[in-house]
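Visitor: I am new to this structure. Please take me through one part of it closely: the pockets.

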Amino acid sequence: MNVTPSHTMHDEINPRDKHIGLMSNYKRDPLTEKITEGKRMAIVMTHFGTTHNDTREKTIDAINRSAQTLYEDITVRDAYTSRIILKRLRDRGEPKLNLPETLEHLRSEGYTHVVVQPTVLIDGLEMESIRKDVTTCRSSFEEIRVGSPLFYHPIDYYRAIEAITSDYDKDRAYVWVGHGTYHPSTAQYTMITYVLREMGIDNVFVGTIEGFPTQEQAMAELRRSGHKKVTLVPFMFVAGEHAKNDIAEDWKEDFEAEGYEVDVLLQGLGEHPGIQALYLRKLEDTVTYSEWDIMSKKKIYTVTGEKMD
């Protein structure tokens, strides 16, 4: 089995982004070329999940279908990571599998090589959970790889921001409202703001519901900008509970109380064709390239005394 990716991992890297280390930290190692007689490969699209069927169809189901279209000869399954969502779905008769359950099913069906591709935004608690789940199941497969979240390498920030803001009105402000986390990865939201400003985008502001930067911090930045018309944008893969309740109600009321003319874009990032394309690109990268383990690199350094190029 040999599926040729639509790009190389290093396509379109701006000279300013050479520091991201893609060239030295990854090696071409197509998983599809290892699927010889008796071997089976599967892809697991791994989502936080949602109980809202309307947004699920436009986001989770849509990208699952796109992954299957991209790799039509490879089995594509999906898994949810949120135990709360899994319980709610089970209670209403719509059971879904979590990641360990999905991997166990694949093992029992004789799959030997697996790619787990998350639709997570940042490299925080959900990615930590996914990697731990994979670690517990790794011995059940000949090889299992985990793809990266939407924002991982610095170049991801430029690509994602360009996709999201391509049709924005320069005379209007946009507040991206993320979930937020107590994990140190909350710093990634600040990096998003940094890259926005470097790209010359000064009408987009970032806040989170449960982390840093806060609503108050996003509002303070907005106040300094002078904009009076604001669109609140769920900075989440799906537009579910948080989007419909916290953002469309609580945040909207809070911003209106400050005198802003506010509307809400009830659309998850997973609905955006450009964002879906970036996730599929990450899937292709994970299938085609393997990442150098840091300890393997250190062994080479011990012998050569030099960094790898």
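Visitor: From which domains does the lining of the largest pocket draw at least three residues each?

Guide: From domain 1 (26-151 + 271-296) and domain 2 (154-270), each of which gives at least three residues to that lining. Keep in mind that this is a predicted model.

Start with the space itself. The largest pocket holds about 1,000 Å³. Its lining counts 37 residues. Nearest the centre lie Phe48, Ser82, Glu126, His179 and His242.

Next comes the second largest pocket. Its volume is about 690 Å³. Here 31 residues form the lining. Tyr26, Val146, Gly147, Thr286 and Glu291 lie nearest the centre of this pocket. Several elements supply at least two lining residues each. The helices are H6, H7 (154-165) and H11 (273-288). The strands are S5 (143-146) and S10 (289-291). H11 gives the largest share, with five residues. By class, this lining has 13 nonpolar, six polar and 12 charged residues.

The domains return here. The second largest pocket also takes at least three lining residues from each of domain 1 and domain 2.

How values were computed: Residues numbered from 1 in each chain as written. Predicted model: local features only at pLDDT ≥ 70, side-chain atom pairs only at ≥ 80, totals over all residues. Heavy atoms only, no water. 1 Å grid on protein atoms, 1.4 Å probe; cavity = no way out; pocket = protein on both sides within 12 Å on 5 of 7 lines; lining within 4 Å. Points joined across faces, edges and corners; volume = space filled by probe spheres on them. Domains from an automatic or database assignment. Helix = DSSP H or I, 4+ residues; strand = E, 2+ residues; numbered from the N terminus. Nonpolar A, V, L, I, M, F, W, Y, C, P; charged D, E, K, R; others polar.
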